[in-house]
Amino acid sequence: AWMTNLITDLSNMDEVLSVIAEGQTDPETGVVTPGNVDLDSFVLGKLTEANSRDYTASEIKALETLITTKAVEAASKVLTNGVLSKGNAGPIISSLSTGQDVSFVLSDQENLAISVLRQSGLSDSEIASSLRTERTAQLNFIESEENFKARNADRMIDLYTAQAAEAIAAG
């Protein structure tokens with residue numbers, strides 16, 4: 001039952017990260033400090049629990065890899081969705097790539113995601129590179145949609161022009 005619950009938690013890791021962020025709320029001020037989340041402590045806690053349940057060393061190592069991978073995937077998803085939904089995504093990505101502080105323009109969850117990614121060993125430039133790749137794909141998709149709409153609009157103009165010419169000819 002414990003492993004089933006853990007696997008369920010890991011499949012909803014972005015929600016787990018949200019709960020972790022909520023756990024970092026200062027009781028006096030109500031301010032969330034997601035940068036204080038310790039990925040290693042989170043993973044270690046789960047591994048200690050697995051060890052106390054008599055999992056083998058290889059099972060614990062596999063569990064460590066799984067938890068870390070899921071945490072990084074979830075953090076990447078949260079950060080990508082958050083940053084790319086902003087109108088100033090380009091400047092945010094550029095600032096992050098040069099090591100500038102971007103925490104003031106990001107939500108608590110997005111700051112938590114950056115913290116998790118940094119703790120997993122990714123540099124700011126690697127995080128920014130990943131965001132830049134996703135942003136490029138997003139912009140290419142938007143451009144493709146606009147080109148499709150423009151082609152359809154041109155076809156419709158041609159069709160209506162032809163229909164108007166036929167109507168004029170028919171009298």
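Visitor: Why does aspartate 54 count as exposed?

Guide: This is a predicted model, in which local features need pLDDT of at least 70, side-chain atom pairs count only at pLDDT 80 or more, and totals for chains, interfaces and linings use all residues. Residues are numbered from 1 along each chain as its sequence is written, and side-chain values use heavy atoms, with hydrogens and water left out. Aspartate 54 has a relative accessibility of 68%; exposed means over 50%, buried under 20% and partly exposed in between, with a 1.4 Å probe and protein chains only. Aspartate 54 therefore counts as exposed.

Visitor: Where does aspartate 54 lie, and what is its phi?

Guide: Aspartate 54 lies in the loop between α3 (39-52) and α4; helices are DSSP runs of H or I with at least four residues, numbered from the N terminus. Its phi is positive, about 65°, although aspartate 54 is not a glycine.

Visitor: What makes aspartate 9 partly exposed?

Guide: Its relative accessibility is 36%, so aspartate 9 counts as partly exposed. This residue lies in helix α1 (residues 2-11).

Visitor: Why is glutamate 110 called buried?

Guide: Glutamate 110 has a relative accessible area of 7% and is therefore buried. It is found in helix α6, where Asn111, Leu112 and Ala113 are among the other buried residues.

Visitor: What does the side chain of glutamate 110 reach?

Guide: The side chain of glutamate 110 reaches the backbone nitrogen of serine 107 at 2.9 Å. Glutamate 110 also touches Val78, Leu79, Gly82, Val83 and Lys86, leaving aside residues up to four places away in sequence; contact means heavy atoms within 4.5 Å.

Visitor: How do you know that the span of helix α6 is close to the expected one?

Guide: Helix α6 (residues 108-119) has 12 residues and reaches 16 Å from its first C-alpha to its last, close to the 16 Å expected. The expected span is 1.5 Å times one less than the number of residues.

Visitor: Why is α4 called oblique to α6?

Guide: The axes of helix α4 (residues 57-84) and α6 come within 8 Å and cross at roughly 140°. Angles under 35 degrees count as roughly parallel, over 145 as roughly antiparallel, 65 to 115 as roughly perpendicular and the rest as oblique; α4 is therefore oblique to α6.

Visitor: Which residues of α4 and α6 meet?

Guide: Ala71, Val72, Ala75, Ser76, Val78, Leu79, Gly82 and Val83 in α4 meet Gln109, Glu110, Ala113, Ile114, Val116 and Leu117 in α6.

Key. Helix = DSSP H or I, 4+ residues; strand = E, 2+ residues; numbered from the N terminus. Polar contact = N/O pair within 3.5 Å; in protein donor to acceptor, adjacent residues only side chain to side chain. Axes fitted to C-alpha atoms, helices over the stretch in contact; angles between N-to-C directions.
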